[in-house]
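Please study the sequence and the three-dimensional view shown here. The paragraphs that follow lead from one residue to the wider architecture and back to individual positions.

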Amino acid sequence: MNISLKHRLRGLPPGFHLLMLSDVLSGLAMGAGYVSISWWVVSVGGAHDMAWFSTLTALVMLIALPLTAPLGDRFPKNRVIACGIALAMLSGLALAMMAWFNFYRLAWVVASESLSMFAWALVIPSMLSIASELVPAGRLSDALSLQKSSQSVGNLIGPVVGGSLMALTPAWLALGSYAALLAIAALGALRIQIPPRNREHIQAESFIDQIRVGLRIRWRIPLERNWALWGLLMMTAYIPMVVTLLPIKLHQLGLPAFWLGACEAAASGGLLVGSLWFTHRLLQYCSRPRARAFAMWALAAVFLVVALTDHPYLMLAMFGIEGVLLSITMLIGQTHRTLAVPEAYRARVSAINVLVAKLGGMLGPALAGILLSSWSLDAVYLFFAVFHLVAVPPMLRLPGVNRFLSLNHEEVKEWYLRQHPEAFEPIATASSKLNQSM
């Protein structure tokens, strides 16, 4: 693993090394913040508040993503990331102040976390696509693997820190630590040096036109359209099991906040192992389509076990395996889908992928909240595990997906532009249409 890591780091620019550091810090903050905020809501407000909290905050990001996505293509991505992280820091400070004064109102907690969701809507599209500006296409697979690894390091430590602070200290201290970590991450992002590129043709477009471009590209490319639609169903099943129902289940089992942090850390540790080593080893013995199929079927089996067990150590092991499997599906799909899009459109198009996940993150918790009012927690967990299993075959049989994933990194570069040039045609603005009519 160490030799492979050194080989992948060799030749990458200093700006990418700073990106990895920023990813570690932001992953650390996000991991600590998720555990701290979720456990606070579950402990004070209960399962009902947790379901509403997950649904409403996901709705905010769902609305914010298409509005903020063009910023990553319009302005330098390092500044966009730094501004977004700083905005999330203000949300963390507001939550810490509420906890300090023992003030808990679901509406105020949702409002404060909504600011954070808006902030991450700024950050995530740029964070997903910034590597393509820092490294050449031939090294993008290594770069994305290392970026996932650095995020996993932060996510590995962050939940443990957040869970330990929530278990051993007052809630305000845990939430205040989350805000402090974000402040450091914002400073790290500002130091990333991005090579200059021409943005005049992008800045000449209106903001609304840039939003329309990102949505139209996804819709006009059949593979991406089908990937998004079936991916939405899968995310609707997946998100409640790892975001909404897990804290409720651990709380009902009488376990301390540390266990939520441990499960999150196990998933991040698995993601780290998968992105640094296991995915690359697996691809030496089988094709990308077969590796993807193995990971998706195994992931469905993992969630069935999680739904059926009440043993915390078995759950911990399953989330570790989940992280490894998730790294396979993410690295195989994300590298190709990033390279297939021309560089000038990558932040907007990446935002649509996140938009689909967040739409599932809104619909899934809302459905979980409805089911929890009449079903037991175990029954609801099992429902989503089966739902996830049923969504696997359509995702594996997307028309053209195996051919697409079998392309090498040079062949797939700007592949969507060559196959579907109509998806990238300029959108005529309202003013230009008026001039044409006159």
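In which helix is Thr329 found? Thr329 belongs to helix H14, which covers residues 312-339. This is a predicted model, in which local features need pLDDT of at least 70 and side-chain atom pairs count only at pLDDT 80 or more, while totals for chains, interfaces and linings use all residues. Residues are numbered from 1 along each chain as its sequence is written, and side-chain values use heavy atoms, with hydrogens and water left out. Helices (H or I, at least four residues) and strands (E, at least two) are DSSP runs, numbered from the N terminus.

The side chain of Thr329 reaches back to the backbone oxygen of Leu326, at 2.9 Å. Not counting residues up to four places away in sequence, Thr329 touches Arg292, Ala295 and Met296; contact here means heavy atoms within 4.5 Å.

Consider next the protein as a whole. The secondary structure comes to 20 helices and zero strands. Of the 438 residues in the protein, 58% are buried; the term buried means under 20% relative accessible area, exposed means over 50%, and partly exposed lies in between (1.4 Å probe, protein chains only). Among the contacts with a separation of 6 or more, 87% come from residues 24 or more positions apart.

Helix H11 (residues 222-252) packs against helix H13 (residues 288-308) at an angle of about 35 degrees, and their axes are 12 Å apart. Axes are lines fitted to C-alpha atoms, for helices over the stretch in contact, and angles run from 0 to 180 degrees between N-to-C directions. H11 passes H13 in a left-handed crossing, a term used if the near helix is turned anticlockwise from the far one by less than a right angle (right-handed if clockwise). From H11, Trp227, Met234, Tyr238, Met241, Val242 and Lys249 take part, and they meet Arg292, Met296, Phe303, Val306 and Ala307 of H13. By class, this contact holds nine nonpolar, no polar and two charged residues. In this scheme Ala, Val, Leu, Ile, Met, Phe, Trp, Tyr, Cys and Pro count as nonpolar, Asp, Glu, Lys and Arg as charged, and the others, Gly among them, as polar.

Aromatic rings provide another kind of link. The whole structure contains 13 aromatic pairs; rings of Phe, Tyr and Trp (its six-membered ring) pair if their centres lie within 6.5 Å, and planes under 30 degrees apart count as stacked, over 60 as edge-to-face and the rest as tilted. Why is the pair of Trp100 and Trp172 edge-to-face? The ring centres of Trp100 and Trp172 are 4.8 Å apart and their planes stand at 80 degrees, so the pair falls into that class. Trp100 is in helix H4 (residues 77-100) and Trp172 in helix H8 (residues 171-190), so the pair links distant parts of the chain, 72 residues apart. Trp100 is partly exposed at 48% relative accessible area, and Trp172 is also partly exposed, at 33%.

The rings of Trp259 and Tyr313 have centres 5.1 Å apart and planes at 85 degrees, so this pair is edge-to-face. Trp259 lies in helix H12 (residues 257-285) and Tyr313 in helix H14, so the pair ties together parts that are 54 residues apart in sequence. Trp259 is buried at 13% relative accessibility, whereas Tyr313 is exposed at 55%. Elsewhere, Trp375, Phe383, Phe384 and Phe387 form one aromatic cluster.

The loop between H4 and helix H5 (106-129) holds Tyr104. Is Tyr104 buried or exposed? With 14% relative accessibility, Tyr104 counts as buried. Its side chain makes a polar contact with the side chain of Asp49, at 2.8 Å. A polar contact is a pair of N or O atoms within 3.5 Å; within protein, one must be able to donate a hydrogen and the other to accept it, and residues adjacent in sequence count only if both atoms are side-chain atoms. Asn102 is found in the loop between H4 and H5 as well, but Asn102 is exposed, with a relative accessible area of 72%. The phi of Asn102 is near 55 degrees, a positive value in a residue other than glycine. Most residues other than glycine have a negative phi.
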